[in-house]
Amino acid sequence: MTGSGATAPYLRIERLTKLFGNFAALKDISLEIFPGEFVCFLGPSGCGKTTLLRAIAGLDIQTSGRIFQGGKEVSNLPSSQRDFGIVFQSYALFPNLTVSANVGYGLVSRGMARVEIETRVNDLLRLVGLPESGRKYPAQLSGGQQQRVALARALALSPGMLLLDEPLSALDARVRAHLRVEIRRLHQRLAITTIMVTHDQEEALTMADRIVVMNHGVIEQVGTPTEVYRRPASAFVADFVGTTNFLPAIVAGPGHVRFGAINLACDLDVQFGPGKDVTLAIRPEDVVVRNIAPSTPNTFTARVAEIEFLGSFCRVGLAVNGGDPALLADFSINAVRDLGIAEGKEMPIALPPDRLRVFPRQSSLP
Amino acid sequence: MTATALPTPAVAPAARARIDRDDLLMRIGICVLIAWLIVTMALPLWTLLSKSFQNQHGEFIGLANYIRYFSTPALFQSVWNSLYVAITSTVIVLPLAFVYAYALTRSCMPLKGLFQALALIPILAPSLLPAISLIYLFGNQGFLKDLLLGGSIYGAGGIIVSQVFYCFPVALMILVAALSTADARLYEAADALGASKTRVFFTVTLPGAKYGVISAGFVVFTLVITDFGIAKVIGGRFNVLATDIYKQVIGQQNFEMGAVVGMILLIPAVVAFAADRIIQRRQVALLSARAVPLLPKPDTRRDTALFVLCAVIGGLIFGILAMSAWASVIMRWPYNLSLTLKNYAFGDFDTNGWDAYWNSVLMAAWTAVIGTVIVFAGAWLLEKSRGFAVGRGVAQLLAMLPMAVPGLVLGLAYIFFFNAKWNPLGFLYATLAILVINSVTHFYTVSHLTATTALKQMDPEFEAVSASLKVSLWRTFARVSVPVCLPAILDITIYLFVNAMTTVSAVIFLYSTDTKLASVTIVNMDEAGFTAAAAAMAMTIVATSAAVKIGHVLLTHRLERTTQAWRRR
Ligand SMILES: Nc1ncnc2c1ncn2[C@@H]1O[C@H](COP(=O)(O)OP(=O)(O)OP(=O)(O)O)[C@@H](O)[C@H]1O
Ligand SMILES: [Mg+2]
């Protein structure tokens, strides 16, 4: 699904900036989205996701920068002249119109024949799994059903692009998980270029072809869920997506850092000269405790300070360098049992060099 | 995987939203709205202002008129009289209305619906009605005159009592709204902490309703200081600003001095209005918390006490209305108390007879229809248009101003403006149209706020969805906005009708012999000594407003039933 270098992007955003007064909600954003891609804008509240989506839709036009859709520049076009379907967090269903009338709302002004409209509306309702609900009013439907109606309405005119602004955040957890799968399935079926805004990392990781991680009006990283998770481009991404240990360290030499008294090998960028303060990041599940041989790199002894039982695995707080617990590690129940891991136990662990990420030290992170 | 760091151009071009046809039409609509409000309000007020700086020959004489006003004690005294009456009435109305509102919202006393309806009666009546009733009760031939121990009802006392009656429902509605928004959690917390009832009242209830009380205070103050009818009928020799304007203009034909008094009357009204707006703005921030509605628990002692109090207040209100009703069907007060309908043969007392009544109905109906269309469409344009911040800001400001302009001042301003030789709109003078325009303008702000509130409650993304579906905004306006806001639209229509029907001050300067209105006839008949006929005319107005109001309630009820499938309750 993801674009290859050969295909032309469907949506191209070039140096987009949006100012609200003096406040820059978007700072010089550039991005390409390929035909049929499912892209998630992920980021904390207020980072500018909605602002970017609304600029793409032409609802709140950017202060500067250009947008190309389907090879055509749309930068200054009002939303009525752009080609997209949109679903809002509030659904924005017209309360006084039936579900059918809502879904057919855009078809009627197209001057389509009544029968044609009816067929199309029924098709759409079937598509979203609500074939029987045409005569009902939105208020008579559950939140999840309303969301599907909004989706059907957005798809009615077969738009070139589907925009979803936190479509699932108003729903309870179970419905949300279910709709996640359905939206994903719908997308695969229609192959429509889709952008979804969310602040829920799980949603983004499970649904997206690519994730655009945003923070403070800039893009921190663009990549597949695996890339974003495995190789976060910044400490912010590592922190925001999933759980990460941050360890303060100092560059010791090429490919080596010192974490307290411990010498660690890692993949070190040339930008980090010796003596530079850096932050190491490693996911708890990447901490190795089994099969440690003397030859295993980055091995050192740690003391189990606390154990938290989380069902299929245990989250263990490890104290290293004789201090407070500084490192969280996820060990399988098997490992805990086999190795007899218990509070107070001292044991060797390893931080695989290819799992260690090195970021410049920022004051906000440890 | 694609590299996403794009080669970026050296400069990012600034974007300029190209406006589509709908946007353009909306902007034109806003400009039309601005033009309308300027012509119907700003320009007349401007003419009034310039008139106050002119002599009888239209020459500019600077502050001379003002200097004369302030150096004539007889004129200047009215400022103090007006303030005295307004402040006293406010101080009396507030606690009464507060207790009444408290009983309606926070007690379990029986007959709440009846009490609510009773208290709202004065809204349906012209302000003259309580004054007429008081004259029957305590006037020179009143049967309760002895209760005054030789005092006279004509003067400040009569004005204040009538004003209390007249302003009570307005204060009540604001306070009911304020007390209804209580958060049950606060009371539970206070209970859990073992606070006494008195303590809870002073630490939770009163602070929660603080802004409502302040707002009600300002509104009542403004109503009293700008009201003309009551002071005219029962004021006697006690002059207030409102009657001074009337005397200067109608009595002495001294338009310039009338303009000066008008400008002076504008000051307290504008100050009260501005203060209220500032305080209201603060309130918004305070009320944003998600509150749990408070359900009052029965408390026999409290409920009984409140019931008795409400019965007394409600009884007095009903009594005052009943007095006028009775007086209107009495042969000859107080000598022959047999019943008759002769007082309703208005032709015997005033040359216009029943025509005045029909003029009123016609005027009120036009005001309701035209006003609703302008107000709702205007509010929708301001709420839903995008960009064009300057135009919207100006229109918003202009829409808020009429509230600060007393009806009498607006009426006077209309005389000057539509009578001016240079004005091409002069043909409107002395027509029913000018009365309609005046009323629409006079009652614009409250209607505008009602419409705005209703529109704000709609999902803000309806228009965005329509745009994405390539449906024009106008279609969404007709298909969605209007149906969803229909209850509010009806509220506006009825508000305009009832107020146009009962207003005196806004129209007293603007009627001609052909377009005389019922409320004006009351003033004339009272002046001519036909008090019973005046009471009869007042009762016809009450009956009409009441009929319309009842129709409204029934219609709203039906609407709720037919649309309950989609209206969330
Ligand atoms: N109309 C506006 N005027 C001023 N500031 C605005 C406006 N709209 C958004 N902002 C600001 O721009 C920033 C980005 O807002 P945006 O709505 O895009 O955030 P978001 O990432 O969608 O957040 P959330 O997850 O809370 O929806 C926020 O700091 C917000 O306060
Ligand atoms: Mg958002």
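Which residues of strand β12 (residues 256-259) of chain A lie on the covered face, and which on the uncovered one? Keep that in mind while you tour this predicted model.

**Stop 1: the sheet.** Select β13, β12, β11, β14 and β19 of chain A. In that order, these five strands form an open sheet with antiparallel pairing. Now look at the edges. β13 (262-265) and β19 (357-360) of chain A each have a single partner strand, so one side of each is left without a neighbour in the sheet. From one strand to the next, the twist averages 45°.

**Stop 2: β11 and β14.** Select residues 245-253 of chain A for β11 and residues 277-282 of chain A for β14. The two strands run antiparallel, joined by six bridges. Pick F246(A): its bridge partner in β14(A) is A281(A).

**Stop 3: β11 to β12.** Three bridges join the antiparallel strands β11(A) and β12(A). Together they make a hairpin with two residues between the strands. Click G255(A) in the turn; its phi is positive, about 70°. Then find I250(A), which stands opposite R258(A) in β12(A).

**Stop 4: β12 itself.** Here is the reply to the opening question. V257(A) and F259(A) form the covered face of β12, while H256(A) and R258(A) form the uncovered one. In a regular strand, side chains alternate between the two faces of the sheet.

**Stop 5: β12 to β13.** Stay on R258(A). In β13(A), N263(A) stands opposite R258(A). Four bridges link β12(A) and β13(A), which run antiparallel. These strands form a hairpin, again with two residues between them. End at G260(A) in its turn, where phi is positive at about 60°.

Note on methods: Residues numbered from 1 in each chain as written. Chains lettered and ligands numbered in written order. Predicted model: local features only at pLDDT ≥ 70, side-chain atom pairs only at ≥ 80, totals over all residues. Heavy atoms only, no water. Pairing = 2+ DSSP bridges. Axes fitted to C-alpha atoms, helices over the stretch in contact; angles between N-to-C directions. Buried < 20%, exposed > 50% of the residue type's maximum accessible area, 1.4 Å probe, protein only.
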